[in-house]
Amino acid sequence: LLNRILGGALSSRLFRRLREDMGIAYQVTSEYQAFRDGGMLLVEGSTSPGNRMAALDAIVEELNALVTGLRPVDEEELWLAKTQLRSTHLLGSQDAYTVMSRLGTQRLYFGRALEPDQILAEIDRVSVEEMNQLVMEGLRPWLPDLAVAWVCPKPPEQKSQQLEQKLHQDGGKHPEHSVEASHAPEPARMA
């Protein structure tokens, strides 16, 4: 649900801010990668080279507004995320690959298959207070460990000072860390 609110849908905070309000991204999305002992929240997007620092700063501002409580999850966002997740779950139940993937994942994580009604009930059960508690306990402590990677011909010439300040302004988990960006080399050209 938190991923849906942040960047997992067209109505998400990141999509609205970077694509609709600022007009600087072709697409922006977030994805939660769940692992048995942890996980990873991934934010990715496409923009022009001239807009990459503005896009990065806007992403960090949105994350910061969420984790500092400046813009906590509200009832409307949670309702919309629940509606989207329920719809995705119900529609996915009609696809054999999705059903088999869910069953395999559930067996790995829970040791058993979960009933569809149980999953829908758990989605409905989540409250705004629980979502904001998840942000404070599950996301906020790890935000200073943010990693940035660029896929572009050359790396940005400047570091995002705003990124450094926002990540460490609240006495983050590792304030001595600095945020470094890496980049991929220019792709090979076909002759």
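Me: Is glutamate 130 buried, partly exposed or exposed, and what is its relative accessibility?
Reply: Keep in mind that this is a predicted model. Buried means under 20% relative accessible area and exposed means over 50%, with partly exposed in between. Glutamate 130 counts as partly exposed because its relative accessibility is 33%.

Me: Which residue meets glutamate 130 in a salt bridge?
Reply: Side chains of opposite charge can pair when their charged atoms come close. Here the N to O distance is 2.9 Å, and the partner counts as partly exposed at 48% relative accessibility. That partner is arginine 125.

Me: How many salt bridges does the structure hold?
Reply: The pair of glutamate 130 and arginine 125 is one example. Another joins the side chains of arginine 13 and glutamate 77. In total, the structure holds eight.

Me: How many residues apart in sequence are the parts that arginine 13 and glutamate 77 tie together?
Reply: The two side chains meet in a salt bridge at 2.6 Å, N to O. Arginine 13 lies in helix 2 and glutamate 77 in helix 4, so this pair ties together parts whose separation in sequence is 64 residues.

Me: Are arginine 13 and glutamate 77 buried or exposed?
Reply: The cut-off for buried is under 20% relative accessible area. Arginine 13 has 2%, and glutamate 77 has 12%. Because those values fall under the cut-off, arginine 13 is buried and glutamate 77 is buried.

Me: Which residues are linked with glutamate 77 in a network of salt bridges?
Reply: Arginine 71, which is partly exposed at 32%, forms a salt bridge with glutamate 77, with the closest N and O atoms 3.9 Å apart. Arginine 13 also meets glutamate 77. The network links glutamate 77 with Arg13, Arg17, Glu61, Glu62 and Arg71.

Me: What do the buried residues of helix 2 pack against?
Reply: Helix 2 covers residues 13–21, and its buried residues are Arg13, Leu14, Phe15 and Leu18. Just after this helix, glycine 23 takes a positive phi of about 65 degrees. The buried residues pack against helix 1, strand 1, strand 2, helix 3 and helix 4.

Me: Which helix gives the most to the nonpolar patch?
Reply: The patch is formed by Phe35, Met40, Leu108, Tyr109 and Phe110, with about 540 Å² of accessible area together. Leucine 108 counts as exposed at 58% relative accessibility, and leucine 108 lies in helix 5. With three residues, the biggest giver is helix 5.

Me: Which residues form the negative surface patch?
Reply: Start with glutamate 75, found in helix 4. Glutamate 75 is exposed, with a relative accessible area of 56%. The patch is formed by Asp74, Glu75, Glu76 and Glu129.

Me: How far apart in space are asparagine 3 and valine 43, C-alpha to C-alpha?
Reply: Asparagine 3 is found in helix 1, and its contacts include Tyr32 and Leu41. Asparagine 3 and valine 43 are 40 residues apart in sequence, while in space their C-alpha atoms are separated by 9.7 Å.

Note on methods. Residues are numbered from 1 along each chain as its sequence is written. This is a predicted model: local features need pLDDT of at least 70, side-chain atom pairs count only at pLDDT 80 or more; totals for chains, interfaces and linings use all residues. Side-chain values use heavy atoms; hydrogens and water are left out. Patches are made of residues with over 30% relative accessible area and no salt bridge: like charges are joined within 9 Å, nonpolar side chains (Val, Leu, Ile, Met, Phe, Trp, Tyr) within 5 Å. Accessible areas come from the Shrake-Rupley method with a 1.4 Å probe; for residues, only the protein chains shown count as cover. A salt bridge is a side-chain nitrogen of Lys or Arg within 4 Å of a carboxyl oxygen of Asp or Glu. Lys and Arg count as positive and Asp and Glu as negative; His and the chain ends are not counted. The place of a charge is taken as NZ of Lys, CZ of Arg, CG of Asp or CD of Glu. Helices (H or I, at least four residues) and strands (E, at least two) are DSSP runs, numbered from the N terminus. Buried means under 20% relative accessible area, exposed over 50%, partly exposed in between (1.4 Å probe, protein chains only). Contact means heavy atoms within 4.5 Å. Lists of a residue's contacts leave out its neighbours within four places in sequence.
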